[in-house]
Each structure stands twice: as structure tokens, then as C-alpha cells.
Amino acid sequence: MTKQQIALETMPPQYTDWLIELKQRIHTAQQRASLRVNQELVLLYWQIGQDILTRQAQQGWGAKVIERLAHDLRTAFPKMKGFSPRNLKYMRTFAEAWPDLEFVQQAVAQLPWGHNLVLLDKFNNTEMRTWYAQKTIENNWSRNVLVMQIESGLLERQGAAVTNFEATLPKPNSDLARESIKDPYRFDFLDLTDEAQEREIEHALVQHVTQFLLELGAGFAFVGRQVLLQVGEEEFFIDLLFYHLKLRCYVVIELKAGKFKPEHLGQLGFYMTAVDKQVKAEPDNATIGLLLCKSKDKVVAEYALGDKTQPMGIAEYKLVESLPENLKTNLPSIEQIERELQGDKA
């Protein structure tokens with residue numbers, strides 16, 4: 001029977017559904033196998049690093065031992081990468097940074113080796129390294145995304161917005177909502193200047209919705225831009241509407257190109273009420289509002305939220321990087337620097 005005959009032959013009922021299920025099983029099995037291989041490799045590197053640390057401490061071996069070890073291991077395993085002197089030194093640093101084998105097995109070994117090298121290069125602080133490792137696992141970040149999140153100061157921005165969530169939302173939703181809101185939001189990917197107007201920013205965010213969702217963080221799903229609400233005989237339009245999958249609620253985002261003013265919250269609250277009455281389904285939680293403005297006075301923002309019973313947050317956004325344009329174009333990229341450093345392949 002030819003391939004064409006097989007393709008044209010009538011299949012039994014439910015065959016297509018079964019095939020889709022089998023493909024998913026195979027894909028899942030491949031992912032698990034790949035993850036298992038990675039875990040074994042990272043654990044091997046940790047064990048080698050521990051051996052180097054122990055022998056150097058107990059027997060006083062110097063740096064030359066690493067050079068000789070690299071030569072001998074590459075001779076014994078010519079097809080296996082990762083035994084360069086540079087990578088062996090990373091293994092030692094890796095074991096020194098994570099002395100707890102149980103934690104390595106449960107968490108760090110889930111990250112590819114390249115991700116672990118980023119964490120080793122970027123931080124001397126164990127707490128920061130651990131936080132970014134856990135966020136990477138939680139959000140399945142690629143190596144480039146991890147670098148971007150570190151360089152944008154995600155840890156410092158996470159949960160830094162002025163909100164009233166503690167007073168208006170039940171726990172643990174209040175904690176999750178607070179951690180879901182940053183300050184400031186970085187929109188460097190828009191290639192807009194500080195003079196950009198609200199509609200221009202809004203349009204650019206929708207055009208770059210993938211990067212925007214990445215900046216918003218895990219859980220946000222895009223619903224629409226300029227979402228129409230009919231209230232009475234009048235029409236109103238929400239700048240941006242999202243749904244948060246973990247909080248199980250809609251999130252109304254309003255953009256203001258200028259400095260925060262208390263009256264902005266009145267408009268935001270009106271939109272939130274309309275969404276609760278017209279869009280929200282019975283199982284959904286109360287709508288959350290996020291006002292993004294170019295700047296704000298923190299004390300004014302706190303006062304403005306003081307008497308609000310709806311869950312709201314106020315955060316700033318940054319459109320351009322702090323470096324001047326002429327410096328940005330002349331400086332090497334992260335990828336270029338990494339290629340230079342990897343002249344001796346790991």
C-alpha cells in the first residue's frame with residue numbers, strides 16, 4: 001500500500017483524537033527524557049566540582065591540576081563536551097555556590113547548564129541566585145530571557161507598585177496580586193521616546209504583545225485593546241484588558257502619559273465596575289485595576305488609594321533605556337560578549 005493510499009484510506013471513528021493523544025504522549029515523554037538527561041549532567045558537574053573543591057582543600061592541589069584534569073578527561077571522552085579548563089572551574093564554583101546536594105537535585109538541576117552559568121556570573125548573593133533560579137523554573141525562561149530579566153532588575157521591581165491589595169483582597173490572592181505587579185514597568189522594546197502619547201504607547205504594546213506579556217509576568221492573558229463598554233446610552237473604551245489565570249480575574253490597565261493624578265483612579269474604578277457587571281462571569285474574582293503612568297508621587301498615590309474599596313495598583317513605566325543612543329549602538333551586545341568569552345568551548 002502506497003503512502004497516498006494510506007493517507008486516503010478511511011480511518012475508524014475517533015482515530016484522529018487518538019492520534020492527537022498519542023502525539024502528546026510522545027512529546028511529553030521526549031521532554032521528560034531530555035529533562036532527565038539534563039538533570040544527570042548538572043548533577044555530574046556538581047559532583048566533579050565537589051571533588052575538585054575537596055581535593056584542593058584537603059591535599060593542597062593547585063590550579064594546574066584542573067588543566068591536567070581537563071586534558072585527561074577530554075582524552076578519555078573525546079566525543080563529550082564540557083571538560084574544558086574553564087568549564088571545570090565553573091563546576092567548582094557551582095559546587096561552592098550550592099553546597100546542599102538536596103537543593104541541587106530538587107531545584108537547580110532542573111535548569112540547563114547554560115542557565116546555571118548565567119546565575120553564577122551575575123550573582124554572588126545566594127538569595128538572589130535562588131530567587132531567579134526558582135522564577136526561571138516557574139516561568140520556563142530561556143537563557144536569553146533570564147539574562148534580560150536579571151538586567152532589567154526584575155527582583156527589585158517585583159511587588160514594588162503602590163497598591164491597596166492587602167486591604168481589598170483576601171489572602172492569598174492579595175499576596176499573589178501584589179507580587180504580580182511591578183514598578184516600574186520597562187517598555188524598552190517599544191523603541192519610543194519619553195514624549196510618546198498614550199495611544200501611541202498602547203498601539204505599540206499591542207504590536208509587541210509577546211514582549212509585553214513577558215514584562216507583565218506569568219499568568220497574564222491578553223483579552224483586547226480599546227475594549228468597548230456600553231453603559232447607559234454612552235460608549236466607553238478600556239485601554240487594555242487582560243485576564244490573570246492564577247488570580248482568576250480580569251485586569252484593567254489604563255495608560256497615562258503624564259504624572260499620576262488622584263482623579264485617574266475614578267476613571268479606572270468606573271471601568272472596573274463595568275467589567276464586573278458586564279464581562280466577569282460568576283466564577284471569576286473581582287476585577288483588578290492597574291494604572292500605568294509616566295511618573296508618580298508615592299505619597300500622593302498612597303493617599304489616593306486610601307479610601308478605595310476596589311483592588312487597584314499604581315506603577316510607573318519606562319520607555320527608553322538610561323544609556324544614550326550613541327553609546328547603545330557602540331556597546332557590544334550580551335550575545336557578542338558571550339561569543340567572545342566562549343572562545344574556549346565549554
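## Cysteines and aromatic rings in a predicted model

Cys293 has a relative accessible area of 0% and is therefore buried. This value, like those that follow, was computed from a predicted model. Cys249 is also classed as buried, because its relative accessibility is 2%. A disulfide is a covalent bond that joins the sulfur atoms of two cysteines. The number of disulfides in this structure is zero.

The aromatic residues form a second topic. The structure contains 15 aromatic pairs. Such a pair of rings is described by the distance of the centres and the angle of the planes. Two of the pairs are set out below.

| Pair | Arrangement | Centre to centre | Angle between planes |
|---|---|---|---|
| Phe123 and Tyr132 | stacked | 5.2 Å | 15° |
| Phe220 and Phe242 | edge-to-face | 6.2 Å | 85° |

Both Phe123 and Tyr132 are buried. In the other pair, Phe220 belongs to strand S3 (residues 220-231) and Phe242 to strand S4 (residues 234-244), so their contact ties together parts that lie 22 residues apart in sequence. Phe220 counts as buried because its relative accessibility is 9%, which is under the 20% cut-off. Phe242 is likewise buried, since its relative accessible area is 0%.

Which residues form one aromatic cluster? The members are Tyr185, Phe187, Phe212, Phe220, Phe222, Phe242 and Tyr317.

The charged end of Arg129 is placed over the ring of Trp98, at 5.8 Å from the ring centre.

Methods:
Residues are numbered from 1 along each chain as its sequence is written. This is a predicted model: local features need pLDDT of at least 70, side-chain atom pairs count only at pLDDT 80 or more; totals for chains, interfaces and linings use all residues. Side-chain values use heavy atoms; hydrogens and water are left out. A disulfide is a pair of cysteine sulfur atoms within 2.5 Å. Buried means under 20% relative accessible area, exposed over 50%, partly exposed in between (1.4 Å probe, protein chains only). Rings of Phe, Tyr and Trp (its six-membered ring) pair if their centres lie within 6.5 Å; planes under 30 degrees apart count as stacked, over 60 as edge-to-face and the rest as tilted. Helices (H or I, at least four residues) and strands (E, at least two) are DSSP runs, numbered from the N terminus. A charge sits over a ring if NZ of Lys or CZ of Arg is within 6 Å of the ring centre and within 35 degrees of the ring normal.
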